[in-house]
Amino acid sequence: MTRVVRFGRGWLAGLWLALAWPAQAAEGPRAPAVFRAARTEVAVAVDGVLDEPAWATAPVYSDFVQSFPTPGAEPGERTEVRILHDERNLYVGITALDRQPALIRRSLGRRDAIPPSDMVTVMVDSLKDRATAYLFSINAGGTLEDARLTEDTTEAKDWDAVWEGEATVTQEGWTAELRVPLSVLRFPEAPVQTWGFHVRRLMSRTHEQVDSTVIPREANALVSRFADFQGLEGVRHQRRLMLTPYVASRLTASRAAVPLGGASSVEPSADVGLDFQAALASDLSLTGTFNPDFGQVEADELLVNLSTSEVFFPEKRPFFLEGLELFQPVGAQAGRSAQTLFYSRRVGLDQPLLGAVKLVGTVSDGVQVGLLNAVSLGAPALGTAPARGYRFQWARPLHFASQATLPRVVPPPMNSLAGVLRAEVAEGQQLGLMVTAASPLSSKCQGTPLPDDPPCVARGGQAAAADFRLRTADGVFAVSGQVDASRVTGGGPEGLLLRDGTLLRPGDMGFGAYLRGGKLGGEPWRTTLTYEYESPTLDLNASGFQPLQNQQKVSAHVQYGRGSRWGIFPELWLGVRAQGGWSTDARGLPLSRGLDLTLEGVLPDFSTLFCDAGVEVDRRDLREIPERGLAYELPDFGYLTCGLETDPLRPLALKLEGYVDRTTRNGASPGRVGKALSAGVSWRPMPRLQTDVDVSYEATQDGPRWTGETEDGRLLFAELVPRFLTLTFKQLVVVTPRLTLQARVQLLTGLGPYGPFYAARIPEDGTVRLRDLQPVTDVEDPSFHTAALNVNVVARWEYHVGSTLYFIYSRAQEEPLLEGTDAGRRSLGPQGLGLGPRSDTVLLKASYAW
């Protein structure tokens with residue numbers, strides 16, 4: 001169906017405004033002030049009280065300005081900043097005056113997760129490259145958080161450093177005292193240092209954001225607007241080696257499913273390992289880990305993936321988190337891209353990680369390097385029957401466990417390598433190169449497989465990319481992009497058949513690219529254009545993350561609004577987005593076309609609202625029918641999704657999100673309504689307690705789904721309207737900012753009833769259309785019912801700076817596998833969850849930073 005869209009004369013006025021609006025529409029920076037530091041010969045005690053005599057000698061900076069809700073306005077309260085330094089440390093003292101100190105919100109949280117509260121943030125651009133910086137935050141309760149800023153505005157909270165901070169509430173407001181070791185900062189060797197410096201204060205009851213230099217929300221700039229920081233003389237790089245050994249003991253009790261006998265076992269295990277960090281130069285560091293244990297890391301979210309592409313899981317392991325932003329594509333949204341060369345979750349996915357080293361730093365002005373190498377290998381039990389007892393394993397010399405816990409077959413040892421080089425050739429102009437390689441260290445798997453075990457193949461790959469990023473000095477206009485290539489290695493000579501039917505043989509290469517740019521800052525107009533290309537043989541998944549290939553997409557998003565107050569709204573943006581996709585093989589098949597309207601805003605009560613409504617037509621999926629190279633027609637649909645989040649600074653905050661769609665009637669697709677709803681409550685009755693409860697229900701559909709083939713070669717399909725219910729409970733108890741107890745319980749239950757069933761002949765033109773599907777009976781019913789429970793309790797005590805003690809209890813439990821017609825007729829609730837397999841683990845882990 002062809003849609004005719006008519007425009008009135010009003011669009012001419014809008015176009016004229018867009019063209020006539022000056023490029024410098026965003027409010028430019030004020031004449032920058034200068035932060036200055038005083039030197040102290042006496043160490044400062046970090047206790048949150050600025051009572052040492054040295055603080056009286058430090059220059060005071062108090063020229064703050066409001067950035068939100070009214071950019072450029074005078075702050076409601078005065079803020080004073082003092083800076084000291086010695087040979088090893090940078091000290092920052094902040095006095096946040098408040099005429100109503102009883103209303104200061106000082107909620108406590110766990111490390112690196114400051115809850116909504118009054119807080120201050122110190123940002124340091126020690127390389128003075130106006131693009132990267134270190135971020136140190138502390139709230140009025142004394143909870144600490146740190147991060148790295150890259151590409152001027154991108155915040156990577158994965159970065160962690162060893163530093164101190166304390167806060168104290170007084171009769172005049174509150175004070176914060178920070179000690180940042182110079183060894184955690186990268187800076188050039190010079191007798192006199194000039195850095196960039198910025199301080200931000202958030203006041204919870206007024207929602208004010210005040211900055212040392214005004215930076216409105218709509219400005220696509222941050223680090224580039226920092227004021228100068230002077231007064232650092234005689235600062236030298238301190239060579240330092242920090243060793244953090246650990247010991248962990250674990251006890252796991254497992255039970256098989258009751259229908260399979262319910263056999264149980266109790267297995268103890270222990271690990272010893274070491275992390276190290278060496279500052280090779282003032283701006284170059286080497287970190288490493290040997291036999292790491294990540295038992296304290298929170299379990300991934302439970303889900304059932306019914307899509308035709310891989311699901312992205314965020315990295316949570318501490319070693320990989322630090323410096324991870326340097327290995328990400330430039331301009332990546334939400335920390336990842338569809339063409340990510342290095343996806344750290346691949347490392348240690350199939351077998352334990354023996355050790356890894358990482359070199360990150362700056363080798364010359366504006367030139368950053370990153371190099372990571374990791375080796376994964378396992379030690380399988382000998383023979384096909386489970387072995388008992390304990391035996392030293394050369395492959396895992398620091399792991400002590402029963403041989404019964406080892407897998408029967410493990411893949412070949414794998415070496416994972418990632419290297420990146422990024423250069424700031426001029427202000428706002430960045431070029432980069434990156435290479436990755438996943439290389440099996442053996443051509444054979446280890447162990448003795450059983451006849452029913454899937455084949456084990458040694459497969460790897462290499463990838464390389466060149467990227468760039470250009471932006472104007474004010475950050476309003478920017479463009480970034482990447483060109484990449486991949487090469488497949490290993491595997492059998494028959495090759496690997498991808499889901500869309502593409503055959504990858506050893507040595508095959510693929511190519512990809514993406515480009516994103518436009519007017520990304522300023523107001524009232526913003527425009528973002530995006531293009532993405534993945535050839536059929538592009539395969540970055542040996543080391544990276546690439547959910548789809550054999551596609552190209554183009555999209556344009558135009559927004560009109562203001563990041564500052566617009567009428568009664570503190571912030572409001574309206575937009576329209578159009579997109580289209582095609583396959584990149586010789587067929588050039590259209591894969592989708594869509595148009596949607598977007599709304600994002602902050603309401604007068606500081607709740608946030610978003611809505612997205614649109615349609616998608618002319619849809620095809622190359623992966624629904626696996627490994628056949630066939631395109632499958634999907635029904636057109638329209639959708640509406642809206643979400644509302646109340647002010648998170650309130651003791652009781654709510655989140656609501658609803659989604660509804662409707663597919664069109666087309667052949668075997670009768671046209672159905674899909675829906676999803678989620679609700680969350682965050683309750684903080686007192687500063688030390690926080691309770692979060694989230695509930696989500698989903699019953700979405702996308703027309704008939706592929707289920708298999710008949711004996712005579714016809715393709716089978718069936719209607720599927722799966723339903724999922726997820727309940728998540730989180731409880732946080734903060735005894736002190738360094739002693740926290742966190743519990744997380746998640747229950748997932750799902751029901752997938754299939755039917756009615758259809759069959760279709762393989763078409764000559766390679767496209768299976770919905771009208772080709774004919775009803776059939778007497779076919780196997782793949783309906784399913786599933787339920788799972790995860791429990792995770794973590795007590796964390798930082799008994800010394802950088803040294804931690806963990807106590808962890810975890811439970812993983814599933815209901816017995818239910819499939820077939822009977823499963824599809826069950827209710828959505830759990831069905832015999834207590835009869836399924838389960839495991840309970842208790843872990844005690846201690847580390848000491850030396």
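1. In this predicted model, R250 and D293 form a salt bridge, with N and O 3.0 Å apart. The pair connects distant parts of the chain: R250 is in strand β15 (residues 240-255), while D293 is in the loop between β17 (284-290) and α3 (318-321), 43 residues apart. D293 has 8% relative accessibility and therefore counts as buried.

2. A salt bridge also joins D702 and R619, whose closest N and O atoms are 3.0 Å apart. D702 lies in the loop between β40 and β41 and R619 in strand β35 (residues 619-621), so this pair ties together parts 83 residues apart in sequence. R619 is buried at 10% relative accessible area, whereas D702, at 24%, counts as partly exposed.

3. R200 and D211 are both buried. Their salt bridge brings the closest N and O atoms to 2.6 Å. R200 belongs to strand β12 (residues 192-203) and D211 to strand β13 (residues 208-211), so the parts tied together are eleven residues apart in sequence.

4. The salt bridges number 39. E77, D98, R99 and R205 are linked in a network of them.

5. An open antiparallel sheet of four strands has the order β41-β42-β45-β47. β41 (705-709) and β47 (774-776) are the edge strands; each has a single partner, so one side of each lacks a neighbour in the sheet. From one strand to the next the twist averages 40°. Between β42 (residues 715-720) and β45 (residues 754-760) there are five bridges, and L720 has Y754 in β45 as its bridge partner.

6. L652, L654, V681, W683, V693, V695, L727 and F729 make a nonpolar surface patch of about 630 Å². At least two of its residues come from each of β38, β39, β40 and β43. V681, in strand β39, is partly exposed at 35% relative accessibility.

Note on methods. Residues are numbered from 1 along each chain as its sequence is written. This is a predicted model: local features need pLDDT of at least 70, side-chain atom pairs count only at pLDDT 80 or more; totals for chains, interfaces and linings use all residues. Side-chain values use heavy atoms; hydrogens and water are left out. Patches are made of residues with over 30% relative accessible area and no salt bridge: like charges are joined within 9 Å, nonpolar side chains (Val, Leu, Ile, Met, Phe, Trp, Tyr) within 5 Å. Accessible areas come from the Shrake-Rupley method with a 1.4 Å probe; for residues, only the protein chains shown count as cover. A salt bridge is a side-chain nitrogen of Lys or Arg within 4 Å of a carboxyl oxygen of Asp or Glu. Buried means under 20% relative accessible area, exposed over 50%, partly exposed in between (1.4 Å probe, protein chains only). Two strands pair if DSSP finds at least two bridges between them. Axes are lines fitted to C-alpha atoms, for helices over the stretch in contact, and angles run from 0 to 180 degrees between N-to-C directions.
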